[in-house]
Amino acid sequence: MKINTPYPCSFDMGIIEAFMNKFRKDGSITFIKHFSEECSMKGAPACEYKVKR
Ligand SMILES: [Zn+2]
């Protein structure tokens with residue numbers, strides 16, 4: 001999952017996590033992790049996240 005937004009990635013991860021948990025079906029909680037070493041906050045074009053359910 002790659003996301004390119006002008007927002008800090010911690011902000012994005014919070015949004016994604018909230019979104020995933022809102023639509024979860026079986027009561028499981030979704031975790032999201034910053035996967036790439038590169039970070040848009042450090043000048044990379046995008047951050048990559050790993051979503052775990
Ligand atoms: Zn990042």
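Two residues count as in contact if their C-beta atoms, placed from the backbone, lie within 7 Å. The model is predicted.

Start with the whole chain. From the N terminus, the order is β-α-β-β. The C-alpha trace spans about 40 × 15 × 10 Å along its principal axes. Of the 53 residues, 6% are buried. Now contacts between residues at least 6 apart in sequence. Of these, 40% join residues at least 24 apart.

Next, the sheet. It is open, with three strands in the order β1-β3-β2, and the pairing is antiparallel. The edge strands, each pairing on one side only, are β1 at 2-3 and β2 at 31-34. Strand β3 covers residues 47-52 and pairs with β2 over four bridges.

Then the helix. α1 lies across β1, β2 and β3. To β2, α1 runs at about 160 degrees.

Now to M13. Where does M13 sit? In helix α1, residues 9-22. Which residues does M13 touch, leaving out those up to four places away in sequence? I32, H34 and Y49. I32 and H34 fall within β2, residues 31-34. Y49 falls within β3, residues 47-52.

What about I3? I3 is ten residues from M13 along the chain, and their C-alpha atoms are 9.6 Å apart.

Last point: why is M13 classed as partly exposed? Because M13 has 19 other C-beta atoms within 10 Å, and buried takes 20 or more, exposed 12 or fewer.

How values were computed: Residues numbered from 1 in each chain as written. Predicted model: local features only at pLDDT ≥ 70, side-chain atom pairs only at ≥ 80, totals over all residues. Helix = DSSP H or I, 4+ residues; strand = E, 2+ residues; numbered from the N terminus. Pairing = 2+ DSSP bridges. Axes fitted to C-alpha atoms, helices over the stretch in contact; angles between N-to-C directions.
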